[in-house]
Amino acid sequence: MLFIPGYVIRSLSKYACAILFILFPPFCKAQLVDGLLFKHLDQESGLSDSNIKALHTDREGFLWIGTENGLNRFDGTNCITYKKYGPTFDNYPGSYITHIIEDRNGDLIIGSQQNLVRYDKKHETFSRYTFKGKPAFSYNHYTFPFHIDQDNKLWVYIAGNVYTYDRTSRNLRYFTTYSNGYIFTPLPMFKRLDWFVSRGVKGIYFSKTSDVQEKNFKEFFTGQGSAKAVTANVQDAYLASDSAFWLACEHGLIELNPKNGVYKSYNSFNGRTNIVATAVKKYPNKPWLIVGTSREGLLFFDLRSKAFFAQQKHNPVDPHSLSGNNIRKLHIDDRDHLFVAVEGKGLDFGNLHQVVFPSLPPPLKPEKAFGITSMLRCASGEILCGTRNNGLIRYSKNMDTVLSNLIPNTEIRRLSHLSQAGIIVEMADGNTWLYHDNTARLTPLKLQTDGALPVQFQINQFIRINGHSYAATGEGLAELQPGKEHLTFTINKQFNRTLDWPNIQQIIPISPDSLLVQTYYTALYLYTFKNNRFFKVREICRTPYAINQSTRVKNVIYLATTQGLFKVDATKPAEPVRLLEHNANGLVYFKGAIWTAGNSGLFKYEISNQKVVHFNRRDGLKNISFAPQTLLLLQGKLMAIGGENGINLFNPETITPYQHAVQPKIVELMVNDVRYRDAGNPLLCEKIVLAASQSTLSIAFSTMDYIAPEKRHIRYRMIGYDKSMISHFGNGLIRYPNMPAGNYRFELIDVISGKKNTLIVQILGPFWQRWWFIGVVIGVLVLLSALLLWIYLKWINRLQSSQLRKMINFQKSDRKRIADELHDDLGLKLSSLKHYLIAGDINKMIEGGMLRSLATEYIDGAMDVLRNTLTNLNPKTLDQEGLILALEDLFASISRSPLLKIHFDHGSFSNALLSTQEYALYRVCQELLNNTLKHAGARNIYLSIVTFPNSTVLLYEDDGKGFKYEMVKRGYGLYNIEAYVKAIRANLDIQSVNGKGMAVTIIVEHKNKKR
């Protein structure tokens, strides 16, 4: 039997592939479809019913499943049911779903035995179609939508007839009655439909859309017409062209040419005849058909050789096989996922490209388990395989041919090299055989000891060192002396005495005269070998694991152990360094990579960059747990690995895990742990705006992976909340509690494909933090500020006007006072002098000296008046001598009156005031004296000026009549006092009570002195 692996075919050129296909078609094709791995969806997993009638994959990647009891949406993990439960669900489709199609907007059109319904994906709502002029069609009528043409008109079967439906006008246009409610079309949606095929009660009808009179339709297998009056119950159809129909029916797979009525039936495979076909689909990018049957599971049909060539059936011991053999419907999406509806079982699904490891067909009895226990390459290059129950199988060098089967129906425990031409075959029943490579024969081999070994002892390894054969046993190192029909074990006592515990697990030569020795789960030692004797050098380290196999690459020894893959420097042996953590029991080096197998699949470790690639059952491996020494490098570029379910043969240079691109989807939004419906369908939602009270957001997402969703690597981040990307595997639910107000962006990324899903999240703050409120507040503040500014300016204007009026009045009063003083005093004296001069005798007055005396008196008086007036206007003493002397001059002119006495205390004053401050205090004292003289009737005035470190205090008191400060009319004097005090930014306090005089306190704060 010749075997050609699928990966070899894929790596060859087009012409080489064609030649191989012609020479060996069965093997070429079998490897490409062998080992499809299926997962299962049933009612226990959430499916509403196990009898599936319709399958459709929407543009988001969700699978919609129509059953006899409801509509379902499936994402590879979770199944959601949409079903009528009562009058409130009146717009839902009927329970029995007939067909599902998708319109240009991504909304679904769903036919059922009860109504025709549109599913609005954006709002997640259902609505019944209504028909103008035919209101009864909206209820309790079987519908089957099957096409939307280029004019956006819906082609639909309703209640026994085919119609076209205009959604805008809601008009139905009758087309034909030749249909039994199931229609097949040859082209995708939104194209011009020229013809279609309808299923009848028996057979099919071929109708052209231009045949509005229904005169040119054709019928086949209805019991009439040119198809030899054969009847057929057609279940499914693949319309390759208008001259090639492939029909699935009780006669198998029928090829029909509708132009001439010629047909042919294919219904036998692998000795099975009268196969009933139930479903048919074109295999993507291959000249094959996938055919569902009623009892034979899936069959694969070659359109070129016109023959079935492979089969996929239910295997009760394989959980990844079909769940049953009665196939009812097939569906393949644009990512080449195959969905298989199995009668009474539910849905099986897998990917047509998932299996990257071609498998070797069972050589003898396919119906029996093909467990591999050991694999070994002989000196001749042939491959020996020990099996669980098929004995020893001998393969050719590349395992493309089975050469013989030795000791069948037995279990082989282990195969080990004894010599160049001999291989020890250990049986599970305790017997041992010797395989002779040169004759390909087995002879019984008796194991015997020198008496130092027990009758039953454990053999861990056979090894040849410098031409001598040894065995690592549980009792220590034993030398081997092979005979014709026996093998003698002699304990090496000299070697065993060097070990604390002589249970030897593995011996690893590292040079012609040195080797590593590991005792079982204990320690690793370095030994030398000279003159056929072993010498212990040192203990390298403790090893709490068992070494199962080793290989050397340059100066590095790689170890497959029960705790993973390790490496040791062969030139300077030290404690092994772990590279991979898994139970490894076999390893092979090939072109820069270490391949290691164990109980969790197959690993590839690339030495140059330490990259690790993990393969397991989902990649098509027959096993994920392998026996020791079942990983083997064949001649050429092939590698074989065997386990309980058979052998995989592959090219290690080209094999890579199947990776398909998906885009994760947000499937649910919850706000404050309650489903959020205001944003519509989370799948289509791009932005949500939440109030401040809606600050806890939960996001559920799906990986949209139908193969291994739990292993799909997803990264997500809420930008503005999360500091960095967060890794996650599989579907997830993320909860963000008590998010502060702000703008966020949630990103959901598939690591393999890089495809991203984004959601904008805006959480509004309390109303006092929102822009509109801030804008209103700012506007109010601006208006209020403008109003206050206007009021202030008006007040300033009025104040300035008032001050100007007071200043004018003050100037007027001051000028009047000066005029009065000049008139009353200076004018009077000058007038009197004039009268004396006019009335008197000038000559006598001159001679008598009276004129001189009188003129001198009156002129001196006038000059005193003029001097006092000028002093009041601008006291020179203040500028020249300072405040104290200026006040003393002021008081001196007043103290001449016997009725008023002034007491001036300035002993504690130091000159720490500015000139403007001294001038203001001088004017205040003038006003106070003037008020006392005019209004108080006081007999004493007390003035004190005291200087403190930070201020100067002026205290003015009189013992006059006093007044009520709050009630007094504010004249020019009091106004001037307040103006002067305010001008120097001093503090003024006036205290007065009727009958008790007045007290005025002025406090001037010190500043830098500027003269």
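In this predicted model, histidine 147 is about as hidden as a residue can be counted: its relative accessibility is 0%, so it is classed as buried, the cut-off being under 20%. Histidine 147 belongs to strand β10, which covers residues 143-148. A polar atom of its side chain sits 3.0 Å from the backbone oxygen of lysine 191. Apart from neighbours within four places in sequence, histidine 147 touches a whole list of residues, among them Ile101, Trp155, Thr185, Met189, Phe190 and Leu193. Lysine 191 is on that contact list too.

Serine 514 is another buried residue, because its relative accessibility is 13% and the limit is under 20%. Serine 514 is placed in strand β44, made up of residues 514-519. Its side chain makes a polar contact of 2.3 Å with the side chain of serine 511. Once neighbours within four places in sequence are set aside, the contacts of serine 514 are Pro509, Tyr527, Thr528 and Phe529.

What about a whole strand? In β40 (residues 468-473), 5 of the 6 residues are buried, so the rest of the structure largely encloses this strand. On one side of the story is β39 (residues 459-465), which pairs with β40 in the antiparallel sense over 6 bridges. Within this pairing, glutamine 461 has alanine 472 of β40 as its bridge partner. The hairpin of β39 and β40 has 2 residues between the strands, and asparagine 466 takes a positive phi near 50° there. Next comes β41 (residues 476-482), which runs antiparallel to β40 and is joined to it by 4 bridges. Here tyrosine 470 stands opposite glutamate 479 of β41, and a hairpin connects β40 to β41 through 2 residues. As a general point, side chains in a regular strand alternate between the two faces of the sheet.

The surface has its own features. A nonpolar patch is formed there by Val777, Leu781, Leu784, Leu787, Leu788, Trp790 and Ile791, with about 650 Å² of accessible area together. Tryptophan 790 lies in helix α5, which takes in residues 771-839. With a relative accessibility of 52%, tryptophan 790 counts as exposed, because the cut-off is over 50%.

Then there are the charged pairs: the structure holds 28 salt bridges. In one of them, aspartate 194 pairs with arginine 192, with the closest N and O atoms 3.0 Å apart. Aspartate 194 is partly exposed at 41% relative accessible area, whereas arginine 192 is exposed at 55%.

Lysine 591 forms a salt bridge with glutamate 653, and their closest N and O atoms are 2.8 Å apart. Lysine 591 lies in the loop between β51 and β52, and glutamate 653 in the loop between β57 and β58, so this pair ties together parts that are 62 residues apart in sequence. Lysine 591 counts as exposed at 56% relative accessibility, while glutamate 653 is partly exposed at 37% relative accessible area.

Aspartate 673 and arginine 735 also meet through their side chains in a salt bridge, at 3.0 Å from N to O. At 45% relative accessibility, aspartate 673 counts as partly exposed, and arginine 735 is partly exposed at 45%. Finally, salt bridges that share partners join Asp58, Arg59, Glu60, Glu102 and Lys121 into one network.

Conventions:
Residues numbered from 1 in each chain as written. Predicted model: local features only at pLDDT ≥ 70, side-chain atom pairs only at ≥ 80, totals over all residues. Heavy atoms only, no water. Buried < 20%, exposed > 50% of the residue type's maximum accessible area, 1.4 Å probe, protein only. Polar contact = N/O pair within 3.5 Å; in protein donor to acceptor, adjacent residues only side chain to side chain. Contact = heavy atoms within 4.5 Å. Patch = residues over 30% accessible without salt bridge, like charges linked within 9 Å, V, L, I, M, F, W, Y side chains within 5 Å. Areas by Shrake-Rupley, 256 points an atom, 1.4 Å probe, with all protein chains shown as cover. Salt bridge = Lys/Arg side-chain N within 4 Å of Asp/Glu carboxyl O. Pairing = 2+ DSSP bridges.
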